[in-house]
Amino acid sequence: FFILYLRSNLAGLHLFKTDSIVSVLDRLILIVLCIFMLKNDVFKSEEGIMYFVYAQTVSYLLTTVTAFIILLSKTHSFSFKFDKAFSLMILKKSLPFAILTLLMSFYNRIDTVMIERILPDGDVQSGIYAQAFRILDATNMIAFLTAGMLLPIFSRMLKYKESVEPLVKLISTLLLTPAIVVGIGCLFYSTELMELMYKEHIEDSAKIFGLLMMSFIAVSTTYIFGTLLTANGNMRQLNYMAATGMLFNIILNYFLIKQYNAYGSAISSMITQFATAGIQVFIAQKIFKFKANFRLINTFIVFTVGIIGINYATHELLEFHWMIRFSIMVASSSLLAFITGIISLKSMFRIMKYG
């Protein structure tokens, strides 16, 4: 909690590089401590799991202290006092954001709960689903960190009545381009990637994994346009969208899980994510009067078709080891992004000016 609070202050000061370092500092410290304990066989003792808890606690404490020192060096002052009226005002203004977070958590996380409750072998099926979902959860951190950077930038631009359309276009290309590569690539190489990480239920997890990773495209879209709408204070529209998405997801899950087991939940999740992302794009277009950029849309279509072709060629036609084919796919996809002009070095440097 304190780390997030201190990071919000760093982001508010537009210290995005510092915020990025602090965001991963606790994991970095934890990794170093775990490596030390593994080398000294600490985890082999009866209380091995408790040592991991201690290491995690130390990493959080060190990160909190580091973030506080950095923030203090930038603000040169610190004072603490409790103001009841101010606190109530903050709680009142925070309520719509809390409701939005809760509603979105429901349609993002309720899948495994429903799988376990509905199916006779729910514990097994939820485990199969979790195997695939872990990778999506980890990948989402990229979009999540980008959204954390975008929120104060959008807020500042809207405050000074600057046009956000160029930034939305820029960040859409920079975030959705790798999302398309990751989503389609994981769809084609789902079995190989699951075999690399697990030993059981590979075929079932692979099918689920492919659909869930396609959802990453929609999730990335949500982080862009949802962040823009949040910065603009359109919480009522976002909460209606999230409530609709939650109900839609629960209904879909109820019917699809019974018919297709955990795979049905993956279908439900993908449909819900794309539907809610589309709604947010529609709301943003209506509020900000964005002009339809057909050139960019056509470029994305050409790029997506090209990525599908590259994945088909490397996965189905080449006979090398799958890791070599996967590497060729990634390299070819990156090259295609520059050839189509959807990403350029100029656009990558332009994002820096918004910091």
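In the predicted model, helix α2 packs against helix α5 through F16, S23 and R27 on the α2 side and M141, L145, M149, P152 and I153 on the α5 side. By class, this contact comprises six nonpolar residues, one polar residue and one charged residue. Helix α2 spans residues 16–39 and helix α5 spans residues 122–159; their axes come within 11 Å and cross at roughly 145°. The crossing of α2 and α5 is right-handed.

The second largest pocket of the model has a volume of about 720 Å³. Its lining is formed by 26 residues, of which S172, F225, V281, L296 and I297 are the closest to the centre of the pocket. Four elements contribute two or more residues each to this lining, namely α6 (165–188), α8 (202–231), α10 (262–288) and α11 (294–317). Among these contributions, that of α6 is the greatest, at seven residues. In terms of residue class, 17 residues of the lining are nonpolar, six are polar and three are charged.

Helix α11, one of the elements that supply residues to the lining of the second largest pocket, also contains T299. The relative accessibility of T299 is 18%, and this residue therefore counts as buried, the cut-off for burial being under 20%. When residues up to four places away in sequence are not counted, T299 touches T340 and I342.

With neighbours within four places in sequence left aside, the contacts of L193 are made with C186, F209 and W322. The position of L193 can also be described relative to E203: the two residues are separated by ten residues in sequence, and the distance between their C-alpha atoms is 11 Å.

Definitions and conventions: Residues are numbered from 1 along each chain as its sequence is written. This is a predicted model: local features need pLDDT of at least 70, side-chain atom pairs count only at pLDDT 80 or more; totals for chains, interfaces and linings use all residues. Side-chain values use heavy atoms; hydrogens and water are left out. On a 1 Å grid over the protein atoms alone, a cavity is a set of points where a 1.4 Å probe fits but cannot get out, and a pocket is an open set with protein on both sides within 12 Å along at least five of seven lines; lining residues have an atom within 4 Å of a point. Grid points are joined across faces, edges and corners, and a volume is the space filled by probe spheres set on the points. Ala, Val, Leu, Ile, Met, Phe, Trp, Tyr, Cys and Pro count as nonpolar, Asp, Glu, Lys and Arg as charged, and the others, Gly among them, as polar. Buried means under 20% relative accessible area, exposed over 50%, partly exposed in between (1.4 Å probe, protein chains only). Contact means heavy atoms within 4.5 Å. Axes are lines fitted to C-alpha atoms, for helices over the stretch in contact, and angles run from 0 to 180 degrees between N-to-C directions. A crossing is left-handed if the near helix is turned anticlockwise from the far one by less than a right angle, and right-handed if clockwise.
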